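Hi everyone, thanks for coming.

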Number of protein chains: 2
Amino acid sequence: MVIRYPNGKLYESAPNKESKKEASKSPTVAKEAKKRAVSYSNRGKSLEDDLNETNLFYLQRNLANIHKKPVPIQIVKVDYPARSAAVIKEAYFRTPSTTDYNGVWNGYYIDFEAKETDSKTSFPLKNIHPHQISHMESVSNQRGIAFFIIRFSTLKRNFVISYNVVAKSFQAMHEGGRKSMPLAVFEQYAIEIQEGYLPRLDYLQAVKKLIADTDVCESEEK
Amino acid sequence: MVIRYPNGKLYESAPNKESKKEASKSPTVAKEAKKRAVSYSNRGKSLEDDLNETNLFYLQRNLANIHKKPVPIQIVKVDYPARSAAVIKEAYFRTPSTTDYNGVWNGYYIDFEAKETDSKTSFPLKNIHPHQISHMESVSNQRGIAFFIIRFSTLKRNFVISYNVVAKSFQAMHEGGRKSMPLAVFEQYAIEIQEGYLPRLDYLQAVKKLIADTDVCESEEK
């Protein structure tokens, strides 16, 4: 969706399917579009939409209370016009210090990051920031449930994968290992979720399995 | 000092000490001053600072992982200057749909709102939005730990008070009851916390007590 502003400049709002299609035609444009997408929300838009709708579904039915955190902004200049709302006139995107989603289900603290990839074969680890890994490690230490929701957009496949598995691949990469996680790793270690109508992406079912598996592991350790 | 003006009306000249005292008591002036404070940050600044420092202290020592959520912003216009960071040129503050702080401690989901009041006698309930109460109810239903941190700035006293107690007062207000919670209610039902150096406001100790009390109540109910 392109909006023409009074100054005559074009402003492209959040990247949608149309612009993505166009972008995919040229590598340069694709790169630019990706850059822009990153500066908006750090990921493709549609997974975010699906998760927001799913979270609303959970909230309204008292199934869980999970929200996307607002994008952190550094506000530099605000105008206070008389008798109307304050207008932010200058601000910048800041790097988030946590993951994007958190909340509570049945007494469990839920914390995750959602990422999309166009690749058909592997998930590039450059999509994940070191601060997200360290945040999730801290969450795990506090006995929270930390995971990633990874969408292979082209394949239309979605996975819930424990923070631990991703952290191991991340660590291996920093020790000279491969820079992406093969699809096969997801097929073996992640829980696949199907897209649906209501909710759009019922990841909570996968999280329940994840928790059950973790509890079993912890019992075995004892 | 009273001056009689040509129009025959009385005009009281520069306010002396007496009238200043009166002004500070005047509800209109107080209201205006409060409005201005509210439009800046929705609460006094120092409680937020103390909590941010305390949360950093907890995080760095692996005691808890609790963060303030970014202020939600509706972004309308973004410029992308060549070779530099995107600049937000027009944006508006949005009403948050949740509380400001959440995170995890020892497997417990922690969720709270922080508010300050200048009053020496009671906490005005107009500082709390209905959506915060319904959010906290939902959190409680999911077995999260929901509470308020209330600072009586003038008295330099800080309280951690369970969501339940505030919700009851809030409900009573909507049924025609009083519009504020007397200090005595806090002294009876809340846990007082002392300001310190490191951490500045060790609210986690109070939250542990809150959880212990809740667990006892739940056991008794069984």
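Let's start with a question: which residues of H4(B) are buried? Keep in mind that this is a predicted model. Okay, here's the list: B:Gln132, B:Ile133, B:His135, B:Met136, B:Ser138, B:Val139 and B:Ser140. In an α-helix, residues three or four places apart point the same way, because there are 3.6 residues a turn. As for the helix itself, H4 of chain B runs over residues 130-141. From first C-alpha to last, it reaches 17 Å, close to the expected 16 Å.

What comes after H4(B)? There you find B:Arg143, with a positive phi near 65°. Over in chain A, A:Arg143 also has a positive phi, near 65°, and sits in the loop between helix H4 and S9. A:Arg143 counts as partly exposed, because 15 other C-beta atoms lie within 10 Å. Most residues other than glycine have a negative phi.

Now the sheet in chain A. Going across, the order is S3-S6-S7-S9-S10-S12, an open sheet with mixed pairing. Strands S3 and S12 are at the edges with a single partner strand each, so one side of each has no neighbour in the sheet. On average, neighbouring strands are turned by 25° against each other, ignoring direction. Helix H5 of chain A packs on this sheet, touching S9 and S10.

Last stop: the bond from A:Leu198 to A:Pro199 is cis, with omega near -5°. You'll find A:Pro199 in the loop between S12 and helix H7 of chain A. Chain B has a cis bond joining B:Leu198 and B:Pro199.

How values were computed
Residues are numbered from 1 along each chain as its sequence is written. Chains are lettered from A and ligands numbered from 1 in the order in which they are written. This is a predicted model: local features need pLDDT of at least 70, side-chain atom pairs count only at pLDDT 80 or more; totals for chains, interfaces and linings use all residues. Two strands pair if DSSP finds at least two bridges between them. Helices (H or I, at least four residues) and strands (E, at least two) are DSSP runs, numbered from the N terminus. Axes are lines fitted to C-alpha atoms, for helices over the stretch in contact, and angles run from 0 to 180 degrees between N-to-C directions. Two residues are in contact if their C-beta atoms, placed from the backbone, lie within 7 Å. The expected span of a helix is 1.5 Å times one less than its number of residues. A residue is buried if 20 or more other C-beta atoms lie within 10 Å of its own, exposed if 12 or fewer, and partly exposed in between; C-beta atoms are placed from the backbone.
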